[in-house]
Amino acid sequence: MRRRTSLPSLQGRGSRGGCERAGSTPVSERAAQGVEKARLRLATHPRPLPCREGRSLLALLLACLALLASTPASAETIAITGGRVVVGDGSEPIDGGTVLIRDGRVVAAGAGLSVPAGATVVDASGRWVTPGIVAGFSRIGLVEVDAVDASNDVQANGSPFSAAIDVAPAVNPQAASIAVSRAAGITRAVVAPATARSIFAGQGAVIDLGGDMDAITRARAFQFIELGEEGASEAGGSRASAHVLLRNALREARDLRAPIGGGGSRQRSASEPPPEDLEENPYLLPDARRSDDVLLTRFDAVALVPVLQGRQLLLVHVERASDILQTLALKREFPRLRLVLVGASEGWRVAERIAAAGVPVIANALEDLPESFEQLAATQSNVGRMRSAGVEVGIGMINDDEARNVRVTTQYAGNLVAIGRVPGHSGLSWNEAFAAISARPAEALGLGAEIGSLRPGRRADVVIWDGDPLELATAVEAVWIDGVRQSLENRQTQLRERYRQPQEGALPHAYDRR
Amino acid sequence: MKHRRAAAALAVALLAACANPESQAQSASAQPPPAPRYEPPADPYPSTYRAYPGAPTAITGATVYDGEGGRIDNGVVVMVDGRIQAVGGPDTPIPDGAVRIDGTGRWVTPGVIDVHSHLGDYPSPGVEAHSDGNEVTGPVRPEVWAEHSVWPQDPGFSRALANGGVTTLQVLPGSANLFGGRAVTLRNVPARTMQQMRFPGAPRGLKMACGENPKRVYGGRNQMPQTRMGNIALMRQTWQRAAEYRTRRARDANTPRDLALETLAEVLDGDILVHNHCYRADEMAIMLDMAREFGFRIANFHHAVEAYKIPDLLRDSETCASMWADWWGFKMEAYDAINENIPLVHNAGACAIVHSDDPNGIQRLNQEAAKALADGRRMGIAIADEVAWRWLSYNPARALGIAEETGSLRAGKRADVVLWNGDPFSVYTRPQQVWIDGALLYDMNDPQRRPVSDFELGQPGEGDVK
């Protein structure tokens, strides 16, 4: 199902002159809209106003007012008061706490905070207030319908490139899954491409799930590679080949030579960072030199330079205990690699060694079947056992409905609490379980100072829930992303309203719109 | 090596042919002596399931959902000789010598029944050699039986038992074909053979599939069906052939046996229940008309993602809809999924079922029901927890034709019982103990009551909590 045979055509139709949409738009229009994505800085960006034609005047007015009222540029201060506040870093919830937001950032969260004069006060009494959920591994925004090839940008079987692939231009902020997931309290997601004809999938991004056109929180946040069964298959049939391909690729990146004079007065090698003031990457300049003895395209080799230098994370999907150890061993040869393990179903078997290496893990929460020979020891206790051994573990959805259904992340975390009551199992405490879907994945991606918790200075991604956020019956009541109140509407909620009464009235359902 | 094996197989076949008196007779003379007509057994591959022994057991003080919509607080459930003996309030008599289990603060429900599983047919590990769930070789394959692919050593059965409280499941063939073959209902017990798992007396099912899968798979081979109208045309043509075959067989017992049409004739006889993979509302409506055209009944639409658009049609035709809580969008026909599908179907008076189609999902069907229930309540559909449990046991039992035997806690029924260590609609709850026919087959406090399949022996993680 995930396999692709052809590249979709990406034909942007251009934006509508600063008049972009908010959350809920019929899909037919979405499909007609091309992907338009610019590289964005890691900074608060002002949200555009939702003012497009085709909505009822009232809804339009309300939406515009709501956004106007909360646009960070207005320097508004918001105080969410009276709720049970979960900071998201593993600390105890604070009853009757206040979350203060200003200019799209968290000012403070806790008890006994005074509400500044002029602040917009949101009463959250009897509610839970948490940071938005961070989906630790996903393909959200890359897919509209998995089985519709043209709407699926997860992988590129026909591409000549691998490591150079950058998902950022493919992320569609108006994919239905973004609005649907946002309504379930997911505010940020790690978005990875999938491998096609190489062990290198390419560079993934961290995105927000806001209802505007600017989704990218950090482009090229990491390189994603496969080193287990999948990697062996992409490498021609064996893990040994995958490891040689990896080493060769890093060697080709290391051996890149900037042109003499191009990056300064002397010849530079890729093992040292390029100078900050260079407009262009020196290894791509016209007279940059390179050995003839290479497998990778120049673009792919250049893309691996920041990995080699430790400036870009290397996310490695492995499941088997021995594959995990082989991955950790890469640090001996390439000491500057900043590794993150993805998957690691058998991580509990080598948990102490993962902890000793200081490598964080993004794991599936509930994998408990020997679905492959690299997951024979899979158990729902994996996350809890790794955590007990001192491993930093966040939860992701690895090959598990990761393009559309990251909204079950809270349910998964709740299950890890549940097994704590089953003898022999290792679960997580509630606080740790919540951190595993907020601060931990953010920290694993090097963004702990930006997202994933309500600690001061973090981006104001805040969710109000009508109960325990990990519980099945709980719903989201309000979501802010970067301090901007978000719509919780989507085409699913619209279909629900249309079919509240299945029988037609005076006119067919096609005339029923809210 | 391969050649040698093929030659050996041919030799065996020849020997068998020589040993077969019928084929000898045909080749020997033009005037064969009247051979005694062979009557196949009415139920080939019959169930050899035997209930495992269990002690008379009484659970007291628990919140009991009876599976049909009833609830008893501080309730008592008594199991004797593999059957439910009594379900009632705190003064329910408990036989002398019965094992007493304190269910205070816990919940008792009927075992969960999954109407849509491929456990055994697509087992773990999911390697090519284990891919036995779909005979994709033609769009009409009613002659294959899912039970003939079931690998009883699939570790997934034990996960469904221990984490999901699943005591009965239907294993279906896959959905590439319009007619995918016969489905089988299994008791979720570890066994050496499939026959030891077959639910005694349970009717078999026929898997049919609408929509994208058949037209994609066969259309991609430039053969029929390539369109939805092609799907319907080939289905109708096949039903017509089945009706004619059935008439011929009734008239002339010597009509050559056709195993494919035989399955369909048994559907027309009402002995096999139709389970129809069908996502879209408009296609379900067409299938209901087709059933009327050829005189069969559809017991259950599976993956009925758009059931909420036609709950009136489902109610009026007494057809169940089996649904996920929140799976959506993986293909076009799943694009219009909504979270309130299950409660909307229930609320219209139709038969709603939560199903899995997945070795992971089957471990959390109670949680899927809980999500749907909560979403329904938020849109104003008030359904009590104990009523929602019908989606997990009684309605699936009806759809499988086994409601007389299981699916609710009624005196005389099979003692398929789950004791949950809390509210089963909470994410924090797991099965504490699971009984099948009164035999304790899972106990979270007892590592000895945790099945370990042959495949898992000697592997990393053998016997671990899962």
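1. Pro131(A) stands opposite Val462(A) in S14(A). The two belong to an antiparallel pairing of strand S5 (residues 128-131) of chain A with S14(A), which has four bridges. Strands are DSSP runs of E with at least two residues, helices are runs of H or I with at least four, and both are numbered from the N terminus. Two strands pair if DSSP finds at least two bridges between them.

2. The model is predicted: local features need pLDDT of at least 70, side-chain atom pairs count only at pLDDT 80 or more, and totals for chains, interfaces and linings use all residues. Residues are numbered from 1 along each chain as its sequence is written, and chains are lettered from A and ligands numbered from 1 in the order in which they are written.

3. S14(A) also runs antiparallel to strand S15 (residues 476-481) of chain A, joined to it by four bridges. In this pairing Trp465(A) is opposite Val476(A). Within strand S14 (residues 462-465) of chain A, Val462(A) and Ile464(A) point one way, Val463(A) and Trp465(A) point the other way, and all are buried. A residue is buried if 20 or more other C-beta atoms lie within 10 Å of its own, exposed if 12 or fewer, and partly exposed in between, with C-beta atoms placed from the backbone. In a regular strand the side chains alternate between the two faces of the sheet.

4. A hairpin is formed by S2(A) and S3(A), with two residues between them; in the turn, Asp103(A) has a positive phi of about 55 degrees. Five bridges link strand S2 (residues 94-102) of chain A to strand S3 (residues 105-110) of chain A in the antiparallel sense. Val99(A) has Ala109(A) in S3(A) as its bridge partner.

5. For chain A as a whole, there are 14 helices and 16 strands. Of its 514 residues, 56% count as buried. Among its contacts between residues at least 6 apart in sequence, 70% join residues at least 24 apart. Two residues are in contact if their C-beta atoms, placed from the backbone, lie within 7 Å.

6. Helix H11 (residues 409-418) of chain A has 10 of its 10 residues buried, so it is largely enclosed by the rest of the structure. The buried residues of H11(A) pack against elements of chain A, including strand S6 (133-138), strand S7 (186-191) and helix H12 (430-435), together with helix H10 (365-378) of chain B.

7. Between the chains, 46 residues of chain A are in contact with 50 residues of chain B. On the chain A side, helix H3 (176-182), H11 and helix H14 (491-498) each give two or more residues, and H11(A) gives the most, with five. That side divides into 23 nonpolar, 13 polar and 10 charged residues. Ala, Val, Leu, Ile, Met, Phe, Trp, Tyr, Cys and Pro count as nonpolar, Asp, Glu, Lys and Arg as charged, and the others, Gly among them, as polar.

8. In chain B, the axes of helix H5 (residues 228-251) and helix H6 (residues 259-268) come within 9 Å and cross at roughly 85 degrees. H5(B) and H6(B) are therefore roughly perpendicular to each other (65 to 115 degrees; under 35 is roughly parallel, over 145 roughly antiparallel and the rest oblique). The residues of this contact divide into eight nonpolar, one polar and three charged. Axes are lines fitted to C-alpha atoms, for helices over the stretch in contact, and angles run from 0 to 180 degrees between N-to-C directions.
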